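Student: I would like to learn how to read a few features of a model. Could you take me through them one by one?

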Amino acid sequence: MGKRKMQNRREFVKSIAVAAAGAGVAGRFTYDVFAQAAAGGRRQISIGGKRIRVIDAHAHLSIRNVADVVKGTPFERNGNAAANQVIGPDRIKAMDALGIDMAVLTQQGAWWYGVPDRDLARSIVRTMNEGTAAVMKQYPDRFIGMAAFPMQFPDLAAEALEDGVKRLGLKGGGISAGFIADKEFSAPEYDLFWAKAQELGVLLFMHPGGDTGAEAHLRGKGNLGNTVGNPLETTIFLSHLIYEGTLDKFPGVKICCAHAGGYLPSYMGRTDGACVRQLDACSSKKRPVDEYFKTQIMADSMIFRDDGLRHMIAEMGVGQIVYGTDMPFPWPINPDTILNNRLLNNAEKEAILGGNLVKLLKLSPAATA
Ligand SMILES: [Zn+2]
């Protein structure tokens with residue numbers, strides 16, 4: 001993919017950042033993380049009288065030092081960190097106001113997936129990962145860092161994931177697009193990447209990059225590039241990993257997908273219907289689609305409706321759902337949306353708000369604030 005596409009993707013991210021700086025979201029939800037943050041101290045959340053640790057699986061970060069690495073290259077513009085994604089006191093205040101104890105941080109935008117030079121790609125993700133590790137070191141009880149890698153070079157992606165986990169102490173990796181150019185991540189050349197993730201036994205967090213190829217049809221009102229394009233990209237990503245047999249080949253791989261896992265958790269029946277209608281469509285996968293969601297695929301809670309979340313639990317199991325905010329972007333993601341869900345019991349609320357990630361990321365119970 002060319003430079004122009006990279007800039008479009010970046011501009012897309014910037015336009016969301018501008019929206020985040022406004023007074024909130026018009027319409028049904030009027031919610032502003034930062035307005036609440038200005039109001040006061042740290043909220044401590046309990047369920048049934050028991051203090052629980054709230055962990056946000058979906059939070060963005062930017063690393064300022066990346067700008068130095070791409071200076072003088074065609075990616076110079078991409079390297080400028082989004083100010084509201086640089087981790088500092090403002091983010092801590094926003095988390096405190098909501099009652100979020102810890103956040104899982106990933107780099108998003110995926111512009112570096114378009115870097116054609118191996119050495120430059122390696123330097124970019126190394127700087128990102130060292131910056132993320134520094135944030136973890138500065139705020140050890142507040143942030144969990146995930147490694148970035150260059151997915152255009154599967155061997156370098158595996159190397160960067162291992163370096164991030166083993167040398168820098170990051171807890172897993174972030175996949176920042178559903179695919180690149182004409183390559184699907186289910187292609188055999190990615191086997192070494194999936195094998196490395198399985199060997200390390202770490203969680204991967206997948207977030208769409210905002211470039212589905214359908215952008216010409218997603219213009220106009222409704223922010224359709226985000227509301228339709230993002231879940232579509234995630235759905236395509238997961239469908240390939242399932243139908244090409246990648247998840248069967250690497251049963252230890254666990255991927256948590258942003259935005260309630262895209263459309264697939266709400267559409268599995270019809271997706272599996274292809275196996276009845278056309279047998280050869282399913283010749284590479286070994287299990288029904290929902291089996292992958294009950295074991296290897298997780299999703300954040302960004303569905304925004306009581307019934308929507310209940311449906312995800314019914315399809316995937318409560319152990320596969322984790323709380324996500326998309327911070328710093330102003331979605332209706334207050335933990336109260338989980339705490340007040342009329343269809344969940346206390347054990348389910350605790351699992352989603354943090355319990356599942358404590359187990360999956362092997363976090364120490366003593367780290368609770
Ligand atoms: Zn996001």
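Student: Which residues coordinate the zinc ion?
Tutor: Keep in mind that this is a predicted model. Here the zinc ion is held by NE2 of H58, H60 and H207 and by OD of D326, at 2.0 to 2.1 Å. Along the chain, these donors follow the spacing H-x1-H-x146-H-x118-D. H60 belongs to strand 3 (residues 55-60), while H207 is in the loop between strand 9 (203-206) and helix 8, so this pair ties together parts 147 residues apart in sequence. Both H60 and H207 are buried.

Student: How is the pair of F185 and Y190 arranged?
Tutor: In general, two aromatic rings are described by the distance of their centres and the angle of their planes. The count here is 9 aromatic pairs. For F185 and Y190, the centres are 5.1 Å apart and the planes at 70 degrees, so the pair is edge-to-face. F185 and Y190 are both buried. Elsewhere, F75, W111, W112 and Y113 make up one aromatic cluster.

Student: And where does the charged end of R118 sit?
Tutor: That charged end is over the ring of F153, 5.5 Å from the ring centre.

Student: Why is helix 8 described as largely enclosed?
Tutor: Because 14 of its 20 residues are buried, helix 8 is largely enclosed by the rest of the structure. Helix 8 covers residues 224-243 and reaches 27 Å from first to last C-alpha, close to the expected 28 Å. Just after helix 8, G245 has a positive phi of about 85 degrees.

Technical notes:
Residues are numbered from 1 along each chain as its sequence is written. This is a predicted model: local features need pLDDT of at least 70, side-chain atom pairs count only at pLDDT 80 or more; totals for chains, interfaces and linings use all residues. Side-chain values use heavy atoms; hydrogens and water are left out. Helices (H or I, at least four residues) and strands (E, at least two) are DSSP runs, numbered from the N terminus. The expected span of a helix is 1.5 Å times one less than its number of residues. Buried means under 20% relative accessible area, exposed over 50%, partly exposed in between (1.4 Å probe, protein chains only). Donors are N, O and S atoms within 2.8 Å of the metal (3.2 Å for Na, K and Ca); water is not among the atoms, so sites may look incomplete. Rings of Phe, Tyr and Trp (its six-membered ring) pair if their centres lie within 6.5 Å; planes under 30 degrees apart count as stacked, over 60 as edge-to-face and the rest as tilted. A charge sits over a ring if NZ of Lys or CZ of Arg is within 6 Å of the ring centre and within 35 degrees of the ring normal.
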